[in-house]
Structure formats: C-alpha cells, structure tokens
Amino acid sequence: RGKEIEKLFEDASLWQVGENREKVSKAREELVKIGEPVLDYIFEEKINTDRTLELRAIKHVVRKLRDEARKYILENLTSENDTVRRNCIWLLGEIKDTSSVDTLLRLLQSEKNYKFIARIITALGKIGDTTATVHIMPFMEHEKEVVRISCAEALGKIGDPRATGRLIEGLGDPLFTVRYTSTWALSKIGGEAIDSLIPRAENAKDTVFLVQAVITLRDIVRKDTLDFEDSLKVRLFLRKFLDSPSWVLRGYAREAFGLAGSDGARSILLQAYEFEENPFVRRRIEDALNLK
C-alpha cells in the first residue's frame, strides 16, 4: 500500500486551484480514510520537509487524525533534526493540542535556541491554554526581537488579563514591531486592560510610550464594547491630549476620544476639526466620526 499512499500524498500536496481543487481535496480525504499507515508514512518520509504544500497536506491529515497523530508528534519533538522538531512544534499549535501544553512548557524552559523558543511560544499561543501565560510572560524581556514579538502575539491570542502588565511594558519597547504587537495583544484583552493601562500612561515620561498607550486605548474602544464607567475613564484621560502640541499624540488622542463615544465627544471633535490644519490629525478625526 506504500505506493498508493505515496501517490495520494503527492496529489494532496499540489496547489489546490483550478482543475487540481477537486483532486487535492479527494486525495487528502483518502489519506485520512487510510488512517495510521499514512501517519507512519508522513513521520518516516515527509516530516523532514520545508515545502509549504507538503506541510499543508500534513496539517490536514494530522488535524483529522489528531488523537492518533499525537504520539507521532511527541516522539519527534526531541529529534536531532531541526526541521523535524520545528514541524512537530508547529503541528501541536495547529491542532491546538491542550494535552501537550506541559510538554511544550518543559521544552520552553530548557531550550537555548532563540528561534525554537519563539516557535514554542507561538504554538502555545495558538493552543490558547491560560496555563502557559505565566511561563510565557518573562520572555517579553528576551534580547531577541522575534521572541518578544512571538511572546506578545501569543499572550494576545491566549487573552489572559494576567499578562496585561507585561504587555503594557511592551508598549515602550525600543522596536516598533514589538510595540505594535503589544498594542494588538492588549486590544485582544480589551476593557480589562484599561485600569492598568491608564495609570501607567498618566505617569509616562516617554512620549513614544504615551503615544503607543493612546493608540492601544483607541484599538480597545474600537474592538470592545465598554461600559459607561470604562468609557468615561478613557475620555477623561484622553482630554488631556486633545490639544497636545505633538500632532501625532493629538491625532491619535482625538481619534480615540471620538471612538469612545458620547454626543459631547462628537461635538468637541467637530469643533476642533473646523480649526485643525494638520492633515494627519484631520484624518484621525474623520475616521473617528465617519466624516468621509
């Protein structure tokens, strides 16, 4: 049956477009029907691949046969082959295998290669188990950018409010990529981050941090439905910066202020719009009030 599986896997690894669409779909489903012999083939012959199309086929089969595939993945997590290890870590994240969290956390604590640290954290983020939160948070201070980005992204996907403080510190990271990802992560946590974010921003002496904090509040009020009390806290904080001499801070503050809602906020921004000359600030007001 080896030749049959090999041919099916070849078809399953084609581009799934045009006339190949049905062929690829049929081949993948046939592989799933065959079951464990296909897993034997994948983990003996194909797991050491960096070909995107082959990885897509492997992911499809493993997702469908996740219970049977788990033992194969775990057996290869400590492979001496970096490609095999990388693919197995990736697969655990793709199938969202909560039973592997403890194993991944042990790997995370012992791993020295920063690229694999980032991959393990990414997998834990995709799995989304809050057990991983406190173990991931310290890596927000890792020296490598890719690790800090992976850490912030994972914490955002997990959505555990316990990560709020670490992510707020990420808003002051020297690198824009980390600041941006931390903002995204805090917006995923949503309104629960406000009570920690506003006091930290009120005491900020770093303009970069302050601007990023205001952007974060903008994204939170845009994505989350805040109650009256939280919405009021946000508007009271933002009012301090509506006339900031910094056009960047002024623009984002006015946009967030408008998105935070209330007829009074809209009136204030409409009045400000009439006298605002900076095009960036005007665009931010337009976006907040849907003036276009």
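Predicted model: local features only at pLDDT ≥ 70, side-chain atom pairs only at ≥ 80, totals over all residues.
Visitor: Fine. Which residues does D173 touch, not counting residues up to four places away in sequence?

Guide: D173 touches R148, V178 and R179 on that count. Its place is in the loop between α11 (164-170) and α12; helices here are DSSP runs (H or I, at least four residues), numbered from the N terminus.

Visitor: Is D173 buried or exposed?

Guide: Buried means under 20% relative accessible area, exposed over 50%, and partly exposed in between, with a 1.4 Å probe and protein chains only. D173 has a relative accessible area of 9%, so it is buried.

Visitor: What polar contact joins D173 to R148?

Guide: A polar contact is a pair of N or O atoms within 3.5 Å; within protein, one must be able to donate a hydrogen and the other to accept it, and residues adjacent in sequence count only if both atoms are side-chain atoms. The side chains of D173 and R148 are joined by one of 2.8 Å. The D173 side chain also has a polar atom 2.9 Å from the backbone nitrogen of L175.

Visitor: On to helix α14 (residues 207-223): how does its span compare with what it should be?

Guide: The expected span is 1.5 Å times one less than the number of residues. For the 17 residues of α14 that gives 24 Å, and the end C-alpha atoms are 24 Å apart, so the two agree.

Visitor: Which residue caps the N-terminal end of α14?

Guide: That's D206, with a side-chain oxygen 3.0 Å from the backbone nitrogen of V208.

Visitor: How do I read aromatic pairs?

Guide: You describe a pair of rings by the distance of the centres and the angle of the planes. Rings of Phe, Tyr and Trp (its six-membered ring) pair if their centres lie within 6.5 Å; planes under 30 degrees apart count as stacked, over 60 as edge-to-face and the rest as tilted. The whole structure has 6 aromatic pairs. In one of them, the F176 and Y180 rings have centres 5.9 Å apart and planes at 40°, so the pair is tilted. Those residues are 4 apart in helix α12 (residues 176-189), so about one helical turn separates them. Both F176 and Y180 are exposed. Elsewhere, ring pairs link W247, Y252 and F280 into a cluster.

Visitor: Which charges lie over ring faces?

Guide: The test is NZ of Lys or CZ of Arg within 6 Å of the ring centre and within 35 degrees of the ring normal. K144 lies over the face of Y114, at 4.8 Å from the ring centre, and R200 over that of F209, at 4.1 Å.

Visitor: And how many disulfides are there?

Guide: A disulfide is a covalent bond between the sulfur atoms of two cysteines. With a cut-off of sulfur atoms within 2.5 Å, the count is 0. C88 is buried at 0% relative accessible area, and C151 is buried at 0% too.

Key
Residues numbered from 1 in each chain as written. Heavy atoms only, no water. Helix = DSSP H or I, 4+ residues; strand = E, 2+ residues; numbered from the N terminus. Contact = heavy atoms within 4.5 Å.
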